[in-house]
Amino acid sequence: MAVKGLGQIDQEYDGSSLKIGIVHARWNASVIKALVDGAIKRLTELGVKEENIYVETVPGSFELPFGTKKLVQKLEKTEGVKLDAIIPIGTLIKGSTMHFEYICDSTTHALMRLNEELDIPVIYGVLTCLTDEQAEQRAGLKPGLHNHGEDWGAAAVEMATKFVKF
């Protein structure tokens with residue numbers, strides 16, 4: 001199936017041999033559920049088998065980098081599964097203190113570093129929104145709006161196919 005919606009890409013990708021991890025925060029549960037469901041929907045549309053999608057939870061977005069790294073290590077050590085890509089999913093919503101800025105910055109940089117450390121694509125699946133409404137919109141919870149989880153699923157298949165399973 002072709003990946004569309006990611007810039008000008010219109011290429012066929014076969015995710016049937018891929019193993020993909022998803023680590024998601026539990027804060028903002030309705031938004032997170034929609035994003036995870038969107039990512040899984042797109043992964044399976046691109047051929048990833050449901051049994052090759054590994055999902056784990058962590059308390060919040062700040063815990064995503066550690067949970068991401070440990071899921072990759074745990075699957076390899078205990079089940080002999082080497083992931084081809086992983087999607088950390090979280091939602092950060094601005095409050096009235098600087099907490100938002102600190103968590104966004106530290107989480108973003110830690111996830112970015114994991115790309116090199118883990119040597120697999122770590123797809124940035126963290127919404128950083130100013131309001132609950134923005135998060136709901138980006139999760140496709142309002143009719144006619146797009147679920148960004150689908151984009152993250154497509155990005156995982158593209159990156160794993162191009163750079164891991166080449």
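Mentor: Let us start with a term: two strands count as paired if DSSP finds at least two bridges between them. Please also keep in mind that this is a predicted model.

Trainee: Which residue in β6 is the bridge partner of Ile 89?

Mentor: The bridge partner of Ile 89 in β6 is Gly 125. Leu 92 has its partner in β6 as well, namely Thr 128. In total, 5 bridges join β5 to β6, and these strands run parallel.

Trainee: How does the chain cross from β5 to β6?

Mentor: The chain passes through helix α3, residues 99–118, and this β-α-β crossover is right-handed.

Trainee: What joins β3 to β5, and how do they run?

Mentor: β3 and β5 are joined by 5 bridges and run parallel. Within that pairing, His 24 stands opposite Ile 89 of β5.

Trainee: How many residues of β5 are buried?

Mentor: Of the 9 residues in β5, 8 are buried, so this strand is largely enclosed by the rest of the structure. β6 is mostly covered too, with 4 of its 5 residues buried. The cut-off for buried is under 20% relative accessible area.

Trainee: Let us turn to the core. Which residues touch the most other members of the largest nonpolar core?

Mentor: They are Ile 20, Ile 22, Leu 43, Ile 87 and Ile 89, in a core of 28 residues. At least two residues each come from β3 (20–25), α1 (29–45), β5 (85–93), β6 (125–129) and α5 (148–163). The largest share, 7 residues, is supplied by α1.

Trainee: What does Ile 22 touch, leaving out residues up to four places away in sequence?

Mentor: Its contacts include Val 36, Ala 39, Ile 40 and Leu 43. Ile 22 also touches Ile 53, Tyr 54, Val 55, Glu 56 and Leu 71, as well as Ile 86, Ile 87 and Ile 89.

Trainee: Among contacts between residues at least 6 apart in sequence, how many join residues at least 24 apart?

Mentor: The share is 77%.

Trainee: Now for some individual residues. Where is Met 159 found, and what is it in contact with beyond its neighbours within four places in sequence?

Mentor: Met 159 is found in helix α5. Beyond those neighbours, Met 159 is in contact with Pro 121, Ile 123 and Val 164. Its relative accessible area is 31%, so Met 159 is partly exposed. Between Met 159 and Ile 120, the C-alpha to C-alpha distance is 8.7 Å, although they are 39 residues apart in sequence.

Trainee: What about Leu 145: where is its place?

Mentor: Leu 145 sits in the loop between α4 (132–138) and α5. With a relative accessible area of 38%, Leu 145 is partly exposed. Leaving aside residues up to four places away in sequence, Leu 145 touches Gln 137 and Gly 140.

Trainee: One last topic, backbone angles. What is the phi of Asn 28?

Mentor: Phi of Asn 28 is near 60°, a positive value in a residue other than glycine. Asn 28 lies in the loop between β3 and α1, and it is partly exposed at a relative accessible area of 28%. Asp 119 likewise has a positive phi, of about 60°, although it is not a glycine.

Trainee: Is Asp 119 buried or exposed?

Mentor: Asp 119 counts as exposed, at 62% relative accessibility. Its place is in the loop between α3 and β6.

Methods: Residues numbered from 1 in each chain as written. Predicted model: local features only at pLDDT ≥ 70, side-chain atom pairs only at ≥ 80, totals over all residues. Heavy atoms only, no water. Core = buried A, V, L, I, M, F, W, Y, C linked by side-chain atoms within 4.5 Å. Buried < 20%, exposed > 50% of the residue type's maximum accessible area, 1.4 Å probe, protein only. Contact = heavy atoms within 4.5 Å. Right-handed = clockwise from strand over helix to strand, strands pointing away.
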